[in-house]
Amino acid sequence: INSACATAAGQCSLRAAMQEAIAAGTATQIKFAIPATDPGYNTAGGYATIQVTSRLPFMTSGNIEIDGTSQSPGRSAGPKIIIDGSNLTAGNGFEISSSGNIIRGMGIIGFKSLFIELRGNGVYIDGPTAYTAGRTANNNTITQSWIGLSAAGTGSPNESYGVYVRNASNTQITNNVISSNLKAAVYINSISAHTEATGNTIADN
């Protein structure tokens, strides 16, 4: 971590941007500008796929916004950034254990569980437990995202839940399409007070 968003090859990847945002510990917005010449960019479809081969950084520092709608160039409807976990042995798409974060306009597909409930979720939000008593994960927002759907709008499931919320209050899950995830669209435990799922399209989970 060196205050520069760059991989060893000098590129600013999503992973590098997340690492720097977490290390900074201040409000940060992560935007995308993946060029049409990038190998992961689908010119005909107008979207870019980020193929995850190891788990993305756990969001332990709050007030980070990851905004897929910022991608340019890109299509006018549907997510322009797809996070694909199908090459990862097991894990979650975005893992959040801090407050005030926003995941906006992302496609999240293909994350595997290896039969562990706390893996294979599109978004995993985890507040304090007996082992993490000092943790807070409140006031997070998941919005305008496709979770469990490919860029073409067909099923590409995460093996557990689309969004998993445990011990985290005031989570807003709004205006997403959550479909085809193998356990259910959304899990919210009883301690996650004032958490709402509104305005979502939910099918085939």
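The legends below describe close-up views of a predicted model.

**View 1. The largest pocket and its lining.**
The largest pocket has a volume of about 670 Å³. Its lining is made up of 24 residues. Cys12, Ser13, Leu14, Ile34 and Ile50 are the lining residues that lie nearest the centre of the pocket. By class, the lining holds 13 nonpolar, 8 polar and 3 charged residues. Two of the elements that supply at least two lining residues each are α1 (14-24) and β3 (47-51). The element that gives the most is α1, with 5 residues.

Strand β4 covers residues 64-67. Ile64 and Ile66 point one way from β4, and Glu65 and Asp67 point the other way. The side of Glu65 and Asp67 is buried, and so is the side of Ile64 and Ile66. Strand β1 (residues 28-30) runs parallel to β4 and is joined to β4 by 3 bridges. Within that pairing, Gln29 has Glu65 as its bridge partner. Strand β7 (residues 102-104) also pairs with β4 in the parallel sense, over 3 bridges. Here the bridge partner of Ile66 is Ile103.

Strand β8 is formed by residues 106-109, and both of its faces are covered. Met106 and Ile108 lie on one side, Gly107 and Ile109 on the other, and all four are buried. The pairing of β5 with β8 is parallel and extends over 4 bridges. Strand β11 (residues 146-147) pairs with β8 in the parallel sense as well, over 2 bridges. Gly107 takes part in both pairings: Ile82 stands opposite Gly107, and Gly107 stands opposite Trp146 in β11.

**View 2. Arg75 over the ring of Trp146.**
The side chain in this view belongs to Arg75, which lies over the face of Trp146. The distance from Arg75 to the ring centre is 5.5 Å. Trp146 is also the residue of β11 that stands opposite Gly107.

The structure holds 4 aromatic pairs. In the pair of Tyr161 and Tyr164, the ring centres are 5.7 Å apart and the planes stand at 55°, so the pair is tilted. Tyr161 has a relative accessibility of 12% and therefore counts as buried. Tyr164 also counts as buried, because its relative accessibility is 3%. Ring pairs link Tyr161 and Tyr164 with Tyr124 and Tyr187 into a cluster.

**View 3. The cis peptide bond at Pro73.**
Ser72 and Pro73 are joined by a cis peptide bond. The omega angle of this bond is about 5°. Pro73 has its place in the loop between β4 and β5 (81-84).

Asn101 lies in the loop between β6 (94-96) and β7. Its relative accessibility is 0%, so Asn101 counts as buried. Asn101 and Ala21 are 80 residues apart in sequence. In space, their C-alpha atoms are 11 Å apart.

Asn167 is not a glycine, although its phi is positive, at about 55°. The residue lies in the loop between β12 (161-166) and β13 (172-174). With a relative accessible area of 14%, Asn167 is buried, because the limit for a buried residue is under 20%. Asp204 is another residue other than glycine with a positive phi, in this case near 60°. Asp204 is found in the segment after β17 (201-203). Its relative accessible area is 67%, and Asp204 is therefore exposed, the limit being over 50%. Asn167 is thus buried, whereas Asp204 is exposed.

Technical notes
Residues are numbered from 1 along each chain as its sequence is written. This is a predicted model: local features need pLDDT of at least 70, side-chain atom pairs count only at pLDDT 80 or more; totals for chains, interfaces and linings use all residues. Side-chain values use heavy atoms; hydrogens and water are left out. On a 1 Å grid over the protein atoms alone, a cavity is a set of points where a 1.4 Å probe fits but cannot get out, and a pocket is an open set with protein on both sides within 12 Å along at least five of seven lines; lining residues have an atom within 4 Å of a point. Grid points are joined across faces, edges and corners, and a volume is the space filled by probe spheres set on the points. Ala, Val, Leu, Ile, Met, Phe, Trp, Tyr, Cys and Pro count as nonpolar, Asp, Glu, Lys and Arg as charged, and the others, Gly among them, as polar. Buried means under 20% relative accessible area, exposed over 50%, partly exposed in between (1.4 Å probe, protein chains only). Two strands pair if DSSP finds at least two bridges between them. Rings of Phe, Tyr and Trp (its six-membered ring) pair if their centres lie within 6.5 Å; planes under 30 degrees apart count as stacked, over 60 as edge-to-face and the rest as tilted. A charge sits over a ring if NZ of Lys or CZ of Arg is within 6 Å of the ring centre and within 35 degrees of the ring normal.
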